[in-house]
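Biologist: I've got a structure open and I'd like to learn how to read its strands. Can you walk me through it?

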Amino acid sequence: MLSKNKRLNKAKFKEILKKSKKIEGENFSYRVQFIKNGQEPRFSVVVSSKVSPKAVVRNKIRRQIYEILGKTALNGQISAIVYVKKEALKLDFRAMNKEISGVLGKI
């Protein structure tokens, strides 16, 4: 699980929305901002109630993505917001890991 100090706070979230680059994937959308040296990369995951009306399902997806981000993307020089699309419900953990790692690795 990604620790709280590695997650975006409200002010940084709004800053990334304004100054970021949008990347579309099959099951996820990303808003990515490159950061300066000395700053820590921070991440946030957004799972809308349109994806699933059940909070249990949304929280499970969110926890899985935070786990993936904690292992793969923290060594990069980006801060990102990951938006989950409805198609992501069909993915298992390995497929999620492969897609997220592939997109964030290319950046």
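Predicted model: local features only at pLDDT ≥ 70, side-chain atom pairs only at ≥ 80, totals over all residues.

Biologist: Okay, so how many residues of strand S2 are buried?

Modeller: Six of the seven, so by the under 20% cut-off S2, residues 28–34, is mostly covered.

Biologist: And Lys 21, is that one buried or exposed?

Modeller: Lys 21 counts as exposed, because its relative accessibility is 52% and the cut-off for exposed is over 50%. Lys 21 sits in strand S1, which covers residues 21–24.

Biologist: What does Lys 21 touch, apart from its neighbours within four places in sequence?

Modeller: Lys 21 is in contact with Tyr 30, Arg 31 and Val 32.

Biologist: How do S1 and S2 pair?

Modeller: Here the general idea is to look for bridges between two strands. S1 and S2 have four of them and run in the antiparallel sense. Lys 22, for one, stands opposite Arg 31 in S2. With three residues between them, the two strands form a hairpin.

Biologist: Which strand pairs with S2 over seven bridges?

Modeller: That's S4, residues 78–84, again in the antiparallel sense. Phe 28 stands opposite Val 84 in S4.

Biologist: How far apart in space are Lys 21 and Ser 79?

Modeller: From C-alpha to C-alpha they are 11 Å apart, while in sequence they are separated by 58 residues.

How values were computed: Residues numbered from 1 in each chain as written. Heavy atoms only, no water. Helix = DSSP H or I, 4+ residues; strand = E, 2+ residues; numbered from the N terminus. Buried < 20%, exposed > 50% of the residue type's maximum accessible area, 1.4 Å probe, protein only. Contact = heavy atoms within 4.5 Å.
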